[in-house]
Amino acid sequence: MCGPAMFPAGPRWPGVRVLQMLWALLAVLLASQRLWAIKDFGECTWQVVLNEFKRVGENGASDRFFEQELVDTVGNLFHMLVDSPIDPREKYLGFPYYLKINYSCEEKHSEDLVRMGHLTGLKPMVLVTFQSPVNFYRWKIEQLQIQMEAAPFRSKEPCMAEEVCGMSWYTPMPIKNGSVVMRVDVSSNGLGTFIPNKRFQVNINGFLKRKQDNNIQFTVGDELFDLMPWYFVGISSRPLWHTVDQSPVLILGGIPNEKYVLMTDTSFKDFSLVELSIDSCWVGSFYCPQSGFTATIYDTIATESTLFIRQNQLVYYFTGTYTTLYERNRGSDGQVSFEMLPRQWSVCEQIGASDDLELLYRIPEFIPEARGLEFLMILGTESYTDTVMAPKGISCNPYNHLIFIWGNFLLQSSNKENFIYLADFPKELSIKYMARSFRGAVAIVTETEEIWYLLEGSYRVYRLFPSKGWKVHISLQLMQQSSLYASNETMLTLFYEDSKLYQLVYLMNNQKGQLVKRLMPVEQLLMYQQHTSHYDLDRKGGYLMLSFTNFCPFSVMRLRSLPGPQRYTRQERYRARPPRVLERSGFHNENSLAIYQGLIYYLLWLHSVYDKPYADPVHDPTWRWWEKKKQDQDYYFFLASNWRSAGGVFIEMDSYEKIYNLKSAYELPERIFLDKGTEYSFAIFLSAQSHSFRTMADLGTVFQLHSQVDVGVVLADPGCIEASVKQEVLVNRNSVLFSITLKDKKVCYDQGISGHHLMKTSMMVNVVGSSGLCFQETHLGPRMQGNLMVPVFIGCPPGKRLAFDITYTLEYSRLKNKHYFDCVQVDPEMPCFLFRDIFYPFFLIQDLVTGDSGSFQGSYVLLVVGGGPTLDTLKDYNKDEIYRFNSPLDKTNSLIWTTRTKRTTKDSAFHVMSHESPGIEWLCLENAPCYDNVPQGIFAPEFFFKVLVSNRGVDTSTYCNYQLTFLLHIHGLPLSPKRALFILMVSVSVFVGLVTFYIAFCLLWPLVAKGCTMIRWKINDIIASESYYTYASISGISSMQSLRRSRMGSVFSSRMTEDRAEPKEAMERQLMT
């Protein structure tokens, strides 16, 4: 829309002058009320930007979200945290970005505000919601949130103050595999300045890359930084096409004669103008000739990882780099190709020749004559005008199945067969496109840029622009000098976000252009329009009193008796607070923020791996984190209270937990998941405008009170779900209480994997006569009441799983078998079971959302689908082998196990078991893979069985197709008879040999000993005799030598004697003489 803003024209007669004066009075009254609300509540707002890991603390830093690889720079910090609850040996990583949080108020300095908020105890609370992925075959379908508390951080800029000049709050910006769309909700902790909650879209942009010079550029083209006015002024608006809640990047074309598009990853909070890198070609065809050529990008569609654009007759697509979805340079939407077969046929010829298409409805040739009615059922018997119906499009809501066919008319149908003509929309206009919230609201844009509004389920269409309400609203905005409005503006597109209607508008003020995203105030426009159209002037005394007519049938509407939301919304939420810093000012540093990053990463990692087949003793993903440290909690607190914690931080174990008891926010949940036979109940409290009760005779005797305030419940699939409404009249309060129960009928769904292939339907609750007429004043402005719409998903809810209850299985087996023998090498993660014992398996149904964990009471089929003697030799069995190893009908002597349970599947192929089954007896017959297993050592053989447990087709208590595959370690397997006989024979032979040898040894030992003695004596004799002769010969020789020596000595001695005797005789002779 382009043109000057609409103001009341000058008066031409007194009646009009009075009307203009009343409009001015109404504008002043409403403006004062709105200004009061803004003054008290709406003048402050949160501000959030992204900062890279290395740019924390820099003023003015704002980064784009395209990096998806985790940062391995926090591990060294955790190695320093000795004497802390965490295990430094674990792997801790960080995320590439932080969220930098500030807030601003009108006419106040932001740094002063943030510092004042910190000193008054204000702390931003950040809730990050990860959108479920499209590809549920690769990623687990879950609704995951993490709630964080922002940490104060001083700015790195030079400061003369002793403590702080500039500061901000920071939290990690976590990334989760499978999610590229994130919602960030920022709220206050309730201290300090009141700041309303605010939501931000923080999405990964896979169409950006970093160049060698460290600058960021688009992969689809070149970014332009000059938004020229002629790009937008006076152009026609276009629809914003994208997959709802799944597209991280939105794209919008329509700039005349240029291949420019607007791209955003924040839902147009900020945006970029990009010139696409495509060749502008003029391509035509025989059956669809191209009369002219233009570079304009006509149509754009954004999906989870791919962008589609149409220029002339060519369709291009670009795939983003999303490593969190699949792989680099690969999308999650599958391979895309465009081809027409047969190649020479036109689209209309193909539709006419196709056997797969079914004609649902034939549109009338002319527009019917409504004759003053708001709507008209098309039956074929009505009269028609001379205006030809010119259909241009069709739109369908997958939840309530409501179909609109539009052009210069508006047809509505809820069953694709019976259509209703909505006569409030004038046939002189033509609809260009529609924007749907898929929560009950529809916005319509015509070729002349008029905006109309419709509530699904009703038949009245409201014109929002141009209208009297718009005149009042634009007057108030210009009085307040709002930066979101101008006297000359052009609407580029109209779209819904979080059930709110937004405009993307180009404003021209004083020859300066600005592209802004602003909220379309639907409630205010309808209120203004109602007040300016229905009022009374009553003369009281000398003055005229202005009064307005309230067409709403009630004055107060409240929801009561709302159950806990998590059981139905399947919303999982974790809470993580930053570690406490041992600094008196309370400010964090880069190390403590990096530790906060690592803790958030490890918490999400524990969540992702909490899918083990063996159930933990405590049903909580964080249990193993603090399992061995919880008993030392007081010791860690003692260290922190004495300022002795390592690294200057104190990690509180209770600050990282999963929340199972979220409270209702006094409104219907965003969605409802219903399992088989599940109910959802709530109540609506309505206070009537005036006395609106009447008495009616019941069977002519009893009088009962009946209220004129009625509630209707509309179900999209009444054959699948049912609703009951119980009315209770509260006369003393002039109110009515409606108790509503929604219940699944157990007939429209078979069985499915948790979160897969859910049936979409909806429930709409309408207060009769309230559509577009009832509003509730809040501190954030008016809110429409009386119409509630909730999407309903029928099937197996996300977050439910089957787990092997190893704890109770061991206890029960020990009780029934009177003993329990584990393997020699004990594995606490996989206990062993003895082959000869009866195996009694038990399973748990664990609810990851609510924390419930109870025994599985349904029926199931247990199959051995693989196995091997060791973990390295595990083998998956084929279909035939699975049948032979598990079926009681097997005749090949291949059974692995059997049971006394008599119930089987319908084809009698397998046993059907339950928690009351008598147990499993292991067989391992001759042709079974576990038969004749060779021992790996001196102990009995072992075997690992890969067991599949499924309740599909045998359990009627739930829509969930539970499938569990786990390994079962069996020890003490028997040997085959041949191998046992062989081993026995070998053993007996060895034993007999040993015994024979022993006996022989015992019997022959005396003889052997005697013989040995005799031999020894003989040997000794021989040795002795040889020694004697040797001695004798040696003695003879020595005696001869002695004799010779003796003889010589005798001769010598005789000679000496003689010599001595001669002097003696001589002396004697001399003496005698």
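**Close-ups of rings, charges and cores**

**View 1. Arg-801 meets an aromatic ring.** In this predicted model, Arg-801 lies over the face of Tyr-610, and the distance to the ring centre is 5.3 Å.

**View 2. Phe-78 and Tyr-92 form an aromatic pair.** Phe-78 belongs to helix H2 (residues 75-79), while Tyr-92 is in the loop between H2 and strand E2 (97-105), so the pair ties together parts 14 residues apart in sequence. Both Phe-78 and Tyr-92 are buried.

**View 3. Step inside the largest nonpolar core, with its 90 residues.** Met-173, Met-263 and Trp-625 are the members that touch the most others. Helix H8 (residues 590-609) is the top contributor to this core, giving 11 residues. Domain 1 (44-205 + 570-657) and domain 2 (208-279 + 294-322) each supply at least three residues to this core.

**View 4. Zoom in on Met-263 and its contacts.** Leaving aside residues up to four places away in sequence, Met-263 touches several residues, among them Phe-207, Phe-218, Val-249, Phe-271, Ser-272 and Leu-307.

**View 5. A second core stands separate.** This one has 46 residues, including Tyr-614, Leu-862, Ile-920 and Leu-973.

Terms used:
Residues are numbered from 1 along each chain as its sequence is written. This is a predicted model: local features need pLDDT of at least 70, side-chain atom pairs count only at pLDDT 80 or more; totals for chains, interfaces and linings use all residues. Side-chain values use heavy atoms; hydrogens and water are left out. A nonpolar core is a set of buried Ala, Val, Leu, Ile, Met, Phe, Trp, Tyr and Cys residues joined through side-chain atoms within 4.5 Å. Buried means under 20% relative accessible area, exposed over 50%, partly exposed in between (1.4 Å probe, protein chains only). Helices (H or I, at least four residues) and strands (E, at least two) are DSSP runs, numbered from the N terminus. Domain bounds come from an automatic or database domain assignment. Contact means heavy atoms within 4.5 Å. Rings of Phe, Tyr and Trp (its six-membered ring) pair if their centres lie within 6.5 Å; planes under 30 degrees apart count as stacked, over 60 as edge-to-face and the rest as tilted. A charge sits over a ring if NZ of Lys or CZ of Arg is within 6 Å of the ring centre and within 35 degrees of the ring normal.
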